[in-house]
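User: Could you walk me through a structure if I put it up here? I'll ask as we go.

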2 protein chains.
Amino acid sequence: MRKVHVTGIGSTTFGQHSDRRIETLAVEAGEAALADAAVDRAEIGAVYLGNFVSGPLTGQEVLAGLVADNLGLPDVPCTKVEGACASGGIAFRHAYLAIATGQCDAALAVGVESMTQAPGERVTAALNCAMDNRSDGVSGLTFPGLFGMAWRLHAKRYGTTRAQVSAVVRKNKANGLSNPLAQMGRVISDDEINQSPFVCDPLQLFDCCPVSDGAAALVLVAADRSYGSAEIPIKILASAQTRGAARIAGHPDLCSFGATVAAASQAYEAAGIGPSDVNFVELHDCFSIAEVIDSEDLGIVPRGEGAVWAAEGRTATDGDMPINPSGGLLAKGHPVGATGVGQIYEAVLQLRGRHPNQVRDAAIGMTHNLGGTGVACTVSILGRADA
Amino acid sequence: MRKVHVTGIGSTTFGQHSDRRIETLAVEAGEAALADAAVDRAEIGAVYLGNFVSGPLTGQEVLAGLVADNLGLPDVPCTKVEGACASGGIAFRHAYLAIATGQCDAALAVGVESMTQAPGERVTAALNCAMDNRSDGVSGLTFPGLFGMAWRLHAKRYGTTRAQVSAVVRKNKANGLSNPLAQMGRVISDDEINQSPFVCDPLQLFDCCPVSDGAAALVLVAADRSYGSAEIPIKILASAQTRGAARIAGHPDLCSFGATVAAASQAYEAAGIGPSDVNFVELHDCFSIAEVIDSEDLGIVPRGEGAVWAAEGRTATDGDMPINPSGGLLAKGHPVGATGVGQIYEAVLQLRGRHPNQVRDAAIGMTHNLGGTGVACTVSILGRADA
């Protein structure tokens, strides 16, 4: 496998863009990434676009080819990939593989979603496309229901408290406040969190990521090719993709997602590092309790201590294991297909040393994107040139 | 690139399965392909599933992981790919690449669509997800409109007649009659075709493929690995994927699809053969006139003579260039995401010498899958072990 670099990044703001067509969001991000990489468009040999529910929500598919055409890219293979909320991470991995396996020397990965123009009930129905609707869907479970159950189990087993989980919310909301791309950064108090409406007990409003529009894009190039990028190339040390149980009843333990554990294990092995070598993580905090569970599944926090670490400030940007300095899904937003690509965007900014919430001496970063009820997962590890 | 074989094939019938969930169709085809290959499920290292509009029509996404879970496959990367009507061909190509580039030794490609349970107007709206809806969609064009215009231009330029195009319909309908998987095989007369309602002048009812449900699946293995398949392995000689213009106005000529021409050219080069070496073709006859244009774009029929060749019987199963011995989309049916995988299924049956409409001495076969208004295309070339 050839070594691959990320040389260009681009993103729209995440938030409400209900006045814009989905492909224009993707094109804006793509243009920014191409300009950032200073790559000749003719060099792009493959396009992978991550998207989850453009069909039901916007009536527009074939987005990969449509976006490539609008970007003036060559007539190369253009593929939309889907794995629910992990669609963006899957797009990144396939762009990486296209270069690593020698199919081309440069590729574009794009992630995009447009959700806020649809009525709320249609968005909820679309999000439930990520469930096994023969078993879990008909049970009346939604995603807040799943993560509410996970929280209850975590609380019972490890003594996790509302106040500890609120530390995740406060941290990510505050991080989002400094991130110009974020949808819902703010300073928030424990009282405000406690007084917010229940979505699915124990999950309250601020425990849930918002509905978002947005796009992110990345230019990847073979490490042995120089494209005169103005930016320091960032190394891709690992890119893993796994599958977990499709039905909730298929998970032996709701306090852990097997797909995350497996993807992290594969990524560490490929990168030749362990959890303690990671300087920061952008992970899939679709709900506050998801950050707690993900951090334990990734091995960066001891099992059962995810919420304790957040409460102790150890996952803050200046803590020993910074998590979601971008604000994460909770504050940056969650335009589903864009999220996984946006996480790499944030990681690259960190490794360039130019993130608005810069982690000190960030040399190795990890990203984690989880789809459905844990049925799809990607974990990527990126490193500074000297890492 | 390692050499790759198709060792197992499976398919549901194409037609009306409105009483069945989409994933059960995919699982039926997958089980059949796994049994046919006699492969150990634990050997499957990647799953690619082609699907176009499951989100809007059935409310079920994450189909790749869901189907893999239901098939009892290992927790390997599972990815849905989408490129409108070329989704199945794209799934096959990615399963091929996963093995050819050494990521795994065996992979499953599945294609599936469930359409007939939805009301007709929802199906039409879903199919239009394949258009650029900012430009072409708002013009009022549907796919029959596009191919109606193409027919008019072909008729004006080459003198193509209704009677010649009807020969395509008669051939494919008759071929479908012998194919147990086909939805709408029948003996049909020119009079019946002429008296059928107009869909979009000059396209009449029997010029249009039906709305279909169905699934097809393939097991691919590295040629250097023996899995004790009961069947003769079929060689993959080439698998090409290209992009064309996303907007209809972007095509310089509606009598040709650039993505088909480019994919065919790349496939011939990769296989080291020319059009005259091909013994039969399964191509994308979503409309009768599409078969005419595709056959010319693939170089297997001289430019402008596609309809003439059909009328002269040269594209019949016993002709010099058999086209769509399966019945094609017109008679076998067009469960969109399944079509490209189903074409390979048909080609493998031919190369095994066991097709119900067997082409004599079939040693090399080609398949062609076209998406949207020509925005995505795959062309694959398969060969008998001795080819």
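User: Is A:Lys80 buried or exposed in this one?
Analyst: In this predicted model, A:Lys80 is buried because its relative accessible area is 1%, where buried means under 20%, exposed over 50% and partly exposed in between, using a 1.4 Å probe and protein chains only. A:Lys80 lies in strand 3 of chain A, residues 78–82, with helices (H or I, at least four residues) and strands (E, at least two) taken as DSSP runs numbered from the N terminus.

User: What conventions sit behind those numbers?
Analyst: Residues are numbered from 1 along each chain as its sequence is written, while chains are lettered from A and ligands numbered from 1 in the order in which they are written. Because the model is predicted, local features need pLDDT of at least 70 and side-chain atom pairs count only at pLDDT 80 or more, whereas totals for chains, interfaces and linings use all residues, and side-chain values use heavy atoms, with hydrogens and water left out.

User: OK, which residues does A:Lys80 touch?
Analyst: Not counting residues up to four places away in sequence, A:Lys80 touches A:Leu49, A:Asn51, A:Phe52, A:Glu61 and A:Ala64 in chain A, and B:Lys80, B:Val81 and B:Glu82 in chain B, contact meaning heavy atoms within 4.5 Å.

User: Which side chain does the side chain of A:Lys80 make a polar contact with?
Analyst: That of A:Glu61, at 3.0 Å; a polar contact is a pair of N or O atoms within 3.5 Å, where within protein one must be able to donate a hydrogen and the other to accept it, and residues adjacent in sequence count only if both atoms are side-chain atoms.

User: And what about A:Ala84, where does it sit?
Analyst: A:Ala84 is in the loop between strand 3 and helix 4 of chain A, and with a relative accessible area of 0% it is buried. Its phi is positive, about 55°, although A:Ala84 is not a glycine. Most residues other than glycine have a negative phi, and most peptide bonds are trans.

User: Which residue of chain B also has a positive phi of about 55°?
Analyst: B:Asn324 does, although it is not a glycine, and it lies in the loop between helix 11 (306–311) and helix 12 (328–331) of chain B. B:Asn324 counts as buried because its relative accessibility is 0%.

User: Where are the cis peptide bonds, starting with the one in chain A?
Analyst: In chain A the bond from A:Asp201 to A:Pro202 is cis, with omega near 10°, and A:Pro202 is in the loop between strand 5 (198–200) and strand 6 (203–204) of that chain. In chain B the bond from B:Asp201 to B:Pro202 is cis, again with omega near 10°, and B:Pro202 is in the loop between strand 5 (198–200) and strand 6 (203–204) of chain B.

User: Switching to helices: at what angle do helix 4 and helix 13 of chain B pack?
Analyst: Helix 4 (residues 87–100) and helix 13 of chain B pack at about 55°, with their axes 5 Å apart, the axes being lines fitted to C-alpha atoms over the stretch in contact and the angles running from 0 to 180 degrees between N-to-C directions. That angle makes helix 4 of chain B oblique to helix 13 of chain B, since under 35 degrees counts as roughly parallel, over 145 as roughly antiparallel, 65 to 115 as roughly perpendicular and the rest as oblique.

User: Which residues make that contact between helix 4 and helix 13 of chain B?
Analyst: B:Ser87, B:Gly88, B:Gly89 and B:Phe92 come from helix 4 of chain B, and B:Gly337, B:Gly340, B:Val341 and B:Ile344 from helix 13 of chain B. By class, this contact has 3 nonpolar, 5 polar and no charged residues, with Ala, Val, Leu, Ile, Met, Phe, Trp, Tyr, Cys and Pro counted as nonpolar, Asp, Glu, Lys and Arg as charged, and the others, Gly among them, as polar.

User: Back in chain A, which residues does A:Ser87 touch?
Analyst: A:Ser87, which is found in helix 4 (residues 87–100) of chain A, touches A:Gly50, A:Asn51, A:Phe52, A:Val81, A:Glu82, A:Gly337 and A:Asn369, not counting residues up to four places away in sequence. A:Ser87 counts as buried, at 0% relative accessibility.
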